[in-house]
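Subject: Model for you to look at

Hi,

Here is the model I promised to pass on. Have a look at it first, and then read my notes below.

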Amino acid sequence: MSDEVHYQATEEAHTGPIKNPRQLLIAVFFSFLAPILIIAGLVSYVVSGTRPSGEAQGEGLALTGVSKDVRDRDVAERLKKVGSIEIRDANRALATGEAVFKAQCVTCHGSPGIPGAPHFSDAAAWGPRIGQGYATLLDHALKGKNAMPPQGGGDFEDVEIGRAVVYMANAGGANFPVPDKAAAAPAEGAATADAAKPAEGAAK
């Protein structure tokens, strides 16, 4: 009797929760078929056209909050060529210091301007800078200094930036002469050649 009880206890200990074929089918379904059906449903949902799209769906703002115009501008910026050629009229008249100031300098050096920049007609702010001399001021303007970015190589020639420097400095108490274009090197070479021709004639 005790052997039979011991046998039944051992048999129950070794048996699992599945005791008949119906329970086996249910366990197989939930263990294998249910996950496969869930994955198939997710794949079908993702590839269907009824899901919410992350792309722009109209003329207004996209779901990401960036308009089509901004995206087009960013794409054009990334695709633009690294170098560019700009053709300018070499014989055009130089811009005045006032014109350059109004076009390029007034934002920082005008009124109210930005803190730390010497404002137009502020003699107290321009005094120490004027003492450094025109060449130093021009170098700072062309190459940049502290928070001021370089102004050289933009829409204006270096001599025109120099005219703006003189315009601002003179309004602050300086007496710098207005710079002009330097004499062209070919003209100097031609003058040298013309001077050499009489000497050649005299030698003959």
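Which helices each supply at least two residues of the lining of the largest pocket? They are helix 4 (97-109), helix 5 (123-130), helix 6 (134-143) and helix 7 (158-171). Helices here are DSSP runs of H or I with at least four residues, strands are runs of E with at least two, and both are numbered from the N terminus.

Before the rest, two notes on the source. This is a predicted model, so to speak of local features we need pLDDT of at least 70, side-chain atom pairs count only at pLDDT 80 or more, and totals for chains, interfaces and linings use all residues. Residues are numbered from 1 along each chain as its sequence is written, and side-chain values use heavy atoms, with hydrogens and water left out.

The overall fold

Of its 204 residues, 19% are buried (buried means under 20% relative accessible area, exposed over 50%, partly exposed in between, with a 1.4 Å probe and protein chains only). Taking contacts (heavy atoms within 4.5 Å) between residues at least 6 apart in sequence, 47% join residues at least 24 apart.

The pocket

The largest pocket has a volume of about 600 Å³. For the terms: on a 1 Å grid over the protein atoms alone, a pocket is an open set of points where a 1.4 Å probe fits, with protein on both sides within 12 Å along at least five of seven lines, and lining residues have an atom within 4 Å of a point. Points are joined across faces, edges and corners, and the volume is the space filled by probe spheres set on them.

There are 25 lining residues, and His109, Pro118, Arg129, Lys145 and Met148 lie nearest the centre. By class, the lining has 16 nonpolar, seven polar and two charged residues (Ala, Val, Leu, Ile, Met, Phe, Trp, Tyr, Cys and Pro count as nonpolar, Asp, Glu, Lys and Arg as charged, and the others, Gly among them, as polar). Two of the residues nearest the centre, Lys145 and Met148, are also touched by His140, as is Gln132, not counting residues up to four places away in sequence. His140 itself lies in helix 6 and is buried, at 19% relative accessible area.

Helix 4 against helix 7

The axes of these two helices come within 8 Å and cross at roughly 70° (axes are lines fitted to C-alpha atoms over the stretch in contact, and angles run from 0 to 180 degrees between N-to-C directions). Helix 4 and helix 7 are therefore roughly perpendicular to each other (under 35 degrees counts as roughly parallel, over 145 as roughly antiparallel, 65 to 115 as roughly perpendicular and the rest as oblique). Helix 4 makes the contact with Gly97, Glu98, Val100, Phe101, Gln104, Cys105 and His109, and helix 7 with Glu160, Ile161, Arg163, Ala164, Tyr167 and Met168. Seven of these residues are nonpolar, three polar and three charged.

Val100, in helix 4, is buried at 0% relative accessibility. Leaving out residues up to four places away in sequence, Val100 touches Ala95, Cys105, Phe156, Glu160, Ile161 and Ala164. Val100 and Asp155 are 55 residues apart in sequence, yet 9.4 Å apart in space, C-alpha to C-alpha.

The loops

Two spots to check in the loop between helix 4 and helix 5 are Pro112 and Ser121. The peptide bond from Ser111 to Pro112 is cis, with omega near 5°. Ser121 has a positive phi of about 70° although it is not a glycine, and is partly exposed at 44% relative accessibility. Ala171 of helix 7 is in contact with Phe120 and Ser121, leaving aside neighbours within four places in sequence. Ala171 and Phe120 are 51 residues apart in sequence and 6.7 Å apart in space, C-alpha to C-alpha.

In the loop between helix 6 and helix 7 you will find Asn146, another non-glycine with a positive phi, near 55°. Asn146 is exposed, at 77% relative accessibility. Gly144 lies in that loop too and is partly exposed at 22%; its contacts beyond four places in sequence are Asp139, Pro149 and Pro150.

Cheers
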